[in-house]
Amino acid sequence: MKKLNLRNLLADSNSIFIIFLFSILLGVSISSLTRISKPPIGKMPPKIDKILSDTIKNCQNKSNCYDSELEKITIKYDYTISFSVLDKLVREKPEFSYCHFMAHAIGHGSFENDPKNWQKTLNKLPQECSYGASHGLLEQYSASLHKNNESLISKNIMRKICENQISSCGHILGHIVLVETKADIPKALNACKNLQGAYYKWCLNGVFMEYAYPTTLVQHGLAESSKLKSSNRLNEFSSFCSGFTDNLISSVCWGEISRGAIANFGSNWENIFGFCDSAPLKLAQKTCRDRVVESLVVSRNFGILLLNSLCQSYKS
């Protein structure tokens, strides 16, 4: 698997909205960064301000430079230092408050810093920035398996990864297995069966999110960049998700594509809910409708009148 560098793919505002929304639904604030000042044992505390100053100087007018710089800082010190630098960077430059893909880079560096103890590191990584560091670490772990002609897609490996982890671990693996299977949806869904319970459901969620909003697939040349615009793909989405007869898989699929309807129809609640009601299974209809409400309420500054309008459309 290639090392990912995805932030440049998110010029489409729909993609930014989708991942921002996902972080809120998981109860994580992407602008709330951990502050850990305790240095690694045996190393002198680096001067965070000096590191940040050098980083800003090095990255003037360079695309994606902060990602690579944060990875280098993590390899040299560890993730506690790089998150402290990122914290100060966001404070100085609010345009970087969406920190998910910079946290990916910290995850890459965290694995390279101590590859033998990657699972211990995974258990300690901060959950800020929408679990970006955990995602990045698992990407690097997956890439390391390829060097030994191994694959992340095995029951033992996937369950080992998610052992004692929160459910988002399954979601991250869903993104990764779709890349590992070269965008083969049936194979990716089958790989999710290696996980159990909530991990399985979140794995399905990750697969369908990557299908619908394919930043990683585009980076790996497994999808066209035009696929990033979800509002243009409603007919494709509807046909795709309608092909699943399993209640759980169908409902997760329709839940993910519901945000494409929001991107397409804006504030036309009737059209949005009408799209959801075109799902062939009742559970899928309800899941789609519920995700629409969640998405709209957390992403817009709703007053009572707008909420009333939304709920009236939901009821009808």
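Biologist: Is Tyr-211 buried or exposed?
Modeller: This is a predicted model, to begin with. In it, Tyr-211 has a relative accessible area of 11%. Buried means under 20%, so Tyr-211 is buried.

Biologist: Which ring does Tyr-211 stack with?
Modeller: Phe-240. The ring centres are 4.0 Å apart and the planes sit at 25 degrees. Stacked needs planes under 30 degrees apart, so this pair is stacked.

Biologist: Which helices does that pair tie together?
Modeller: Tyr-211 is in helix α11, and Phe-240 is in helix α13, residues 234-242. The pair therefore links parts 29 residues apart in sequence.

Biologist: And what about Phe-240 and Phe-244?
Modeller: That aromatic pair is edge-to-face, at 5.3 Å centre to centre with 85 degrees between the planes. Phe-244 is buried, with a relative accessible area of 19%.

Biologist: Which residues make up the ring cluster?
Modeller: Phe-208, Tyr-211, Phe-237, Phe-240 and Phe-244, linked by ring pairs. The structure holds 10 aromatic pairs.

Biologist: New topic. How do α9 and α11 cross?
Modeller: Helix α9 covers residues 168-180 and helix α11 covers 197-212. Their axes come within 6 Å and cross at roughly 45 degrees. That makes α9 oblique to α11. The crossing is right-handed.

Biologist: Which residues meet there?
Modeller: From α9, they include Leu-173, Val-177 and Leu-178. From α11, they include Trp-202, Met-209 and Tyr-211. The contact residues divide into 9 nonpolar, 6 polar and 1 charged.

Notes. Residues are numbered from 1 along each chain as its sequence is written. This is a predicted model: local features need pLDDT of at least 70, side-chain atom pairs count only at pLDDT 80 or more; totals for chains, interfaces and linings use all residues. Side-chain values use heavy atoms; hydrogens and water are left out. Axes are lines fitted to C-alpha atoms, for helices over the stretch in contact, and angles run from 0 to 180 degrees between N-to-C directions. Helices (H or I, at least four residues) and strands (E, at least two) are DSSP runs, numbered from the N terminus. Angles under 35 degrees count as roughly parallel, over 145 as roughly antiparallel, 65 to 115 as roughly perpendicular and the rest as oblique. A crossing is left-handed if the near helix is turned anticlockwise from the far one by less than a right angle, and right-handed if clockwise. Contact means heavy atoms within 4.5 Å. Ala, Val, Leu, Ile, Met, Phe, Trp, Tyr, Cys and Pro count as nonpolar, Asp, Glu, Lys and Arg as charged, and the others, Gly among them, as polar. Rings of Phe, Tyr and Trp (its six-membered ring) pair if their centres lie within 6.5 Å; planes under 30 degrees apart count as stacked, over 60 as edge-to-face and the rest as tilted. Buried means under 20% relative accessible area, exposed over 50%, partly exposed in between (1.4 Å probe, protein chains only).
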